[in-house]
Amino acid sequence: MQSIIRVAGLAVLLAASVAQAQTPAPAVRTEKNISLALANQIAAETVAACAANGYNVAATVVDRAGVVRAVQRADNAGPHTLASSERKAWTSASAKSPTQAMMEGAQKNPGAANLVYLPGFLLLGGGVPIKSGNEVIGAVGVGGAPGGHLDEQCANAALEKVKGQL
């Protein structure tokens with residue numbers, strides 16, 4: 001009798017999974033995205049983290065689609081830092097990966113080296129994805145520290161400060 005109940009239970013589970021597999025995906029998706037308030041906070045925390053180390057930087061925060069949500073530039077940061085921070089943020093959001101890791105991969109892998117030819121991609125350290133759980137909801141890009149690895153450290157320090165809000 002128990003084996004009949006088990007077989008019947010398995011048949012019900014199988015039928016349910018087949019029905020689910022045939023159900024079309026919903027026409028409307030629900031996605032997480034970064035708020036303006038959080039984007040402003042991350043930009044401010046990033047600039048502050050770099051300032052604490054004596055670096056004058058710009059920080060740009062983009063949403064999951066790479067659209068700019070917040071920008072801050074330290075008083076003595078060069079004008080070029082704005083463009084580099086925005087491109088790093090966009091590249092990181094687009095690829096859902098830190099730009100430092102992408103740069104290193106492109107240097108080691110001839111096939112990945114072609115990424116530099118993608119319009120808008122900037123393979124320099126300093127772009128870091130912003131995640132809520134495992135979902136990328138944006139990215140922060142930093143430009144102006146004396147090295148992309150230092151830009152990335154500032155971004156990571158800012159994200160560490162706001163991790164409870166993600």
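Analyst: A residue is called buried under 20% relative accessible area, exposed over 50% and partly exposed in between (1.4 Å probe, protein chains only). In this predicted model, local features need pLDDT of at least 70 and side-chain atom pairs pLDDT 80 or more, while totals for chains, interfaces and linings use all residues. Residues are numbered from 1 along each chain as its sequence is written, and side-chain values use heavy atoms, without hydrogens and water. Here W90 is partly exposed, at 23%, whereas F121 is buried, at 15%.

User: How many aromatic pairs does the structure hold?

Analyst: Rings of Phe, Tyr and Trp (its six-membered ring) pair if their centres lie within 6.5 Å; planes under 30 degrees apart are stacked, over 60 edge-to-face and the rest tilted. The structure holds one such pair. W90 and F121 are edge-to-face, with 5.7 Å centre to centre and 85° between the planes. W90 belongs to helix α3 and F121 to the loop between α4 and β3, so the pair ties together parts 31 residues apart in sequence.

User: At what angle do helices α2 and α5 pack?

Analyst: Axes are lines fitted to C-alpha atoms, for helices over the stretch in contact, and angles run from 0 to 180 degrees between N-to-C directions. Helices α2 (residues 36–52) and α5 (residues 148–162) pack at about 130°, their axes 8 Å apart. Angles under 35 degrees are roughly parallel, over 145 roughly antiparallel, 65 to 115 roughly perpendicular and the rest oblique; α2 is therefore oblique to α5.

Definitions and conventions:
Helix = DSSP H or I, 4+ residues; strand = E, 2+ residues; numbered from the N terminus.
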